[in-house]
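We'll hop from stop to stop, and each one tells you what to pick next.

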Amino acid sequence: MQLPLACRSALLVFALGAGGVVAQSDPHRDGVAAIQAKQYEKAIRLLEHAHSLKPSRVDTQRQLAVALSHRGSQLHNARMFEESLHCFQRADRMWPGQLNLVMSVGVLHLELKQLVDAKRRFEAVLELEPGNARALGNLARIAAEQDDVVKAAELYERARKRDSSGRYEQHAQKYARHAEVESEFKSLRHGMFEIQYPTGREYGVEKALPVIRSWLNQALRDLRRDLGRMPQKPVKIVLYAKGQYQHVSSAKHWAKAYFDGKVRLDLGDWEQKRDTLKDNLRHELAHAFLESFYPNLPSWLHEGYAQLVEGRSLDVARTLFRRGRLSALDIETFVDKFADSNDERIVGAGYAQSLLVVAHLRDARTPREFARLLGKISKGMESGKAVREVYRLDFSTVFQAAVPSR
Ligand SMILES: [Zn+2]
């Protein structure tokens with residue numbers, strides 16, 4: 001058993017004292033030394049001890065705040081948000097009124113989607129430093145999450161003006177466009193979905209609503225069967241009339257739909273292209289559901305599963321590989337980066353391959369085991385290891401079995 005550090009240093013003093021040499025243990029000094037040695041947990045223990053001996057000593061409080069904020073950053077980097085928040089909150093109490101501590105507490109609340117608390121902190125930052133760009137940017141993000149696009153646009157614009165690095169440039173532009181198009185959108189609740197759409201006869205969107213609703217019901221049944229649960233918050237779906245979608249979507253979104261926290265769908269000439277619209281809706285809904293349960297899945301799992309839900313044909317994908325129209329990616333390229341590639345052949349093969357691999361994984365086991373696999377990968381376990389642990393299969397064998405060769 002290891003004694004807590006504070007106890008051990010006390011014993012040391014006692015032992016040495018008995019021999020005639022007195023080593024004065026000074027937990028404050030040792031704590032500061034531990035900070036310098038980047039041993040933050042040790043520093044926290046020592047400084048807490050020092051603080052309990054002399055609660056009114058201000059430099060001990062401040063050093064403890066420093067150690068806690070370093071530890072908080074480490075935990076934040078490790079994505080342990082609750083633990084990190086706890087550290088920063090304690091640091092903030094030890095050294096009140098420090099802008100970076102108030103900001104960090106706000107950022108952690110934001111990571112944990114505690115929007116009300118986050119907002120209060122960023123407003124406190126603005127009181128300490130009016131016009132602080134980062135606080136403005138974070139408040140803009142909160143406004144966007146709360147569907148106030150006009151406010152988000154206004155706050156991003158203020159952040160952009162105050163920040164010379166250009167980090168708010170794109171957001172300011174994006175939300176300015178969203179505000180132009182969506183400020184008059186109406187919102188409608190349909191079960192666990194929230195549909196946002198333009199009113200006004202000229203858009204003709206109301207006619208599409210019953211069709212969209214029935215597709216949503218159907219997709220919900222399928223997704224629930226596969227994934228075994230429902231998102232806790234409503235899934236938001238934004239419908240754009242002809243011309244509106246082009247205005248809000250960036251050039252990268254060549255597809256007629258995308259998911260960026262909301263499912264965004266171009267109705268365009270939907271009556272002529274019903275099937276495409278339905279496929280797009282199902283594809284993006286799959287992304288939305290996965291994202292709400294498993295926030296850190298790699299793109300091959302996202303895209304593979306989304307295509308499966310969309311109803312893409314496995315046979316067509318297999319034929320493309322069999323006839324040599326697509327050549328299969330090696331496992332590293334597949335796992336790491338196909339979706340970010342600029343090479344069309346890599347992207348094409350990656351999509352087809354991800355469809356086949358994910359179909360294989362989904363159908364090889366029960367939904368519960370599939371869910372466990374997704375859970376492990378989302379928590380950061382390497383894909384091969386997760387497949388081995390949950391399925392007792394070798395990932396490269398799955399990979400080869402799923403994708404036919406020529
Ligand atoms: Zn997709």
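Start by colouring two ranges: the domain assignment gives domain 1 as 184-292 and domain 2 as 294-406; the bounds come from an automatic or database domain assignment. Before going further, note that this is a predicted model, in which local features need pLDDT of at least 70, side-chain atom pairs count only at pLDDT 80 or more, and totals for chains, interfaces and linings use all residues. Residue numbers start from 1 along each chain as its sequence is written.

**Between the domains**

Helices here are DSSP runs of H or I with at least four residues, strands are runs of E with at least two, and both are numbered from the N terminus.

Now switch to cartoon and find the five strands of an open, mixed sheet, ordered β1-β2-β3-β5-β4; strands pair if DSSP finds at least two bridges between them. At the edges sit β1 (185-190) and β4 (257-259), each pairing on one side only. From one strand to the next, the twist averages 20°. Zoom in on β2 (residues 193-198) and β3 (residues 235-240): they run parallel and are joined by four bridges.

Which strands does α13 touch? Select residues 274-293: this helix packs on the sheet against β3, β4 and β5 (263-266), and its direction makes about 5° with that of β4. Axes are lines fitted to C-alpha atoms, for helices over the stretch in contact, and angles run from 0 to 180 degrees between N-to-C directions.

**Inside the helices**

Next, select 99-111, which is helix α6: 13 residues, reaching 18 Å from first C-alpha to last, close to the 18 Å expected at 1.5 Å a residue (1.5 Å times one less than the number of residues). Of those 13 residues, 10 are buried, so α6 is largely enclosed by the rest of the structure. Buried means 20 or more other C-beta atoms within 10 Å of a residue's own, exposed 12 or fewer, and partly exposed in between, with C-beta atoms placed from the backbone. Show α4 (58-77), α5 (81-94), α7 (115-128) and α8 (133-145) too, as the buried residues of α6 pack against them.

**Positive phi**

Most residues other than glycine have a negative phi. Just past α6, K113 has a positive phi of about 60°. K38, in the loop between α2 (27-36) and α3 (40-53), also has a positive phi, near 60°. With 10 C-beta neighbours inside 10 Å, K38 counts as exposed. Then pick R79, in the loop between α4 and α5: its phi is positive, about 60°, and with 12 C-beta neighbours inside 10 Å it counts as exposed.

Definitions and conventions:
Contact = placed C-beta atoms within 7 Å.
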